[in-house]
Structure formats: C-alpha cells, structure tokens
Amino acid sequence: MECSPNELTAWYIEAGQVKVTTSRRKFTVRKGEWIFLPTGYRRQEFSDASRIFSVAFDVSWQDSHRPVLDLRPGLVAPSTDALDAAMKVIRRQRENSEKFEWHFHHIVCDMRENFEFQSWFLGWLRDVLSVLRDYLPELENSSEMDPRVDAARRWIEDQPEAQPIADFQGAAAQAKLSLGHLNKLFLDCYHQSLHGFHEQRRFRYACSRLIEPDSRIKSVAYEMGFNDLSKFSNWFKRLKQVSPREYRRKNASDAAGKG
C-alpha cells in the first residue's frame, strides 16, 4: 500500500510486523516497538498476523501552522510504561470504537468528550516527547520564523484554496528569493514543499466541501480542478486512504449521530 499522509503517524505493533519505506529510509518494526513517521510519501507492508495501535496527529505553532515536531526521516523505539498506560485509555473504548474516531472538523460534538480527548492526547504527547528526546535531541524546532518563508506562506494562503497552483514564482518574488532556495527553506520550516503545502490546503477544502449536505462529489471534483472524477477520487484516496464517497458517508453518519 502506498500513500502520502498529511499527518504525523505513530504506530505501536501489537502483533506481527510492519515494513515501511519512505523517501529516505526503510524500517522493519516488530511486536513491542513503536514507529514514528513524518508526513509525505511512504509504502507500507503488513504481515498477515499484524495488529497495530495507530495515532495520526498534527502539532503546529498556532501563528503559522508550522510543525513543532520534525519526525524526519522516522524513528523506531521500544515501548515504555508511560506509553503502555496511555494506550490502555484507548483500549477501554473498544466497546464503542467508532465513537473514538475523533473527526471534529465541521461536526457537532459534545464538548466534554472533546476536552477529555484533548487531555488524553496532551498526556500521550508528553510521554512520547520524553521517549523521542532520548533518540532525537534536536527534535523540537525553533519557534522563530524566517520572515521570507512567512511572506511566501501568506502569498500561498491568498490564493484560492480549491485550485492548483501551476507556478510559485509569485511566492518567490514575495520572499525575494530564487524559487529553488525558497523551496528548500520552506521544506525546512514546514516539512513540505510549496506545492505540498498548497495541496494540503486543497485537501482540507475538499474534505469540508464533501461533507456539506447539498454538495455533489462530481461538483466538488470540478471545483477542485479535476475534469475526471476518477482522478479526483485517486488523488483524495492517496491522501486519506478512503474514497471521497466513503469519507462523505462516514462523516455524514458521524454528524447525524452527534447532532
């Protein structure tokens, strides 16, 4: 299976093993180990008996959506008592596993449940950071933003969310840098290229449009610049691992259950 997720990923291998290939490294993760993966392309192969505990998450600076954590190129680490304890909180929800899939964007939800989950996540992240610091001393990025990169980001965010950007020379002009130099600095700050950053904006927009009650998938695809519905479906599935139709059906049922 190949995909290009937009979220950071943490897997605990409960049984079997998983092989993961990213653009920079190959990993084999076995029972009792964690793997922490960055955003972007990867290929993953699960053994027949594999079973994983999975968390997808995003931790960004509030002022610019710039990632706080740099998990490149990825890391395999043993479990700890603290991480085991955090997982037990999730396992207690197995009798209602659908409820614990927290898709809160554009969905009415119970605020008490929201706060409970945020409390769990922050505790889990605290324990994860204590593990990661043993392996990646330079894990946390500086909160200082290069003003040239910030100018480029603002240029991108001024462009329409739905449509692809064919030429990023405008961003380079705003930053007063060559396009190649800007792209390198942007990658260091955001863990994404200029193109990847805008594609994430487009993906978030597509998700919000798909769950609008009166929207049609074909209309959303056309709005996103896809004249072929199958190409839109393949693009969406590569980023979300579900088709637009499946995503819409799942989130519509979640919204109905929480409304």
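Predicted model: local features only at pLDDT ≥ 70, side-chain atom pairs only at ≥ 80, totals over all residues.

Me: What makes up the chain, in helices and strands?

Reply: The chain has nine helices and eight strands. Of its 259 residues, 44% are buried. Its accessible surface comes to about 14,500 Å². Carbon and sulfur atoms hold 49% of that surface. Take the contacts between residues at least 6 apart in sequence: 69% of them join residues at least 24 apart.

Me: Why are S7 and S8 said to stand at the edges of their sheet?

Reply: Start with the order. Four strands form an open sheet, S7-S2-S5-S8, with antiparallel pairing. Strand S7 (51–57) and strand S8 (75–78) each have a single partner strand, so one side of each is left without a neighbour in the sheet. From one strand to the next, the twist averages 20°.

Me: How do you know that S5 and S8 pair?

Reply: Pairing calls for at least two bridges. Strand S5 (residues 33–37) and S8 have four bridges, in the antiparallel sense, so they count as paired. Phe 36 stands opposite Leu 75 in S8.

Me: Which helix packs on this sheet, and which strands does it touch?

Reply: Helix H2 (residues 111–135) does. H2 touches strand S2 (8–15), S5, S7 and S8. The direction of H2 makes about 100° with that of S7.

Me: Why is H6 called largely enclosed?

Reply: Count its residues. Of the 17 residues of H6, 14 are buried, so the rest of the structure largely encloses this helix.

Me: How do you know that the span of H6 agrees with its number of residues?

Reply: Helix H6 covers residues 194–210. At 1.5 Å a residue, its 17 residues should span 24 Å. The end C-alpha atoms are 25 Å apart, which agrees.

Me: What is the span of H5, and what is expected?

Reply: H5 has twelve residues. From its first C-alpha to its last, H5 reaches 16 Å. That is close to the 16 Å expected at 1.5 Å a residue.

Me: What puts the buried residues of H5 on the same side?

Reply: The buried residues include Leu 182, Leu 185, Phe 186, Cys 189 and Tyr 190. They cover an arc of only 110° around the axis, which puts them on the same side of H5. An α-helix has 3.6 residues a turn, so residues three or four places apart point the same way. On the other side of H5, Gly 180 and Lys 184 are exposed. The buried residues of H5 pack against helix H3 (147–157), H4 and H6. His 191 follows H5, and its phi is positive, near 60°.

Me: Why is Lys 176 called exposed?

Reply: Exposed means over 50% relative accessible area. Lys 176 has 74%, so it is exposed. Lys 176 lies in the loop between helix H4 (169–175) and helix H5 (179–190). Lys 176 is not a glycine, yet its phi is positive, about 60°.

Me: Why does Ser 243 count as buried?

Reply: Buried means under 20%. Ser 243 has 14% relative accessibility, so it counts as buried. Ser 243 lies in the loop between helix H8 (229–240) and helix H9 (244–258). Leaving out residues up to four places away in sequence, Ser 243 touches Ser 233, Phe 236 and Lys 237.

Terms used:
Residues numbered from 1 in each chain as written. Heavy atoms only, no water. Helix = DSSP H or I, 4+ residues; strand = E, 2+ residues; numbered from the N terminus. Buried < 20%, exposed > 50% of the residue type's maximum accessible area, 1.4 Å probe, protein only. Expected span 1.5 Å × (residues − 1). Axes fitted to C-alpha atoms, helices over the stretch in contact; angles between N-to-C directions. Contact = heavy atoms within 4.5 Å. Areas by Shrake-Rupley, 256 points an atom, 1.4 Å probe, with all protein chains shown as cover. Arc of directions from axis to C-beta.
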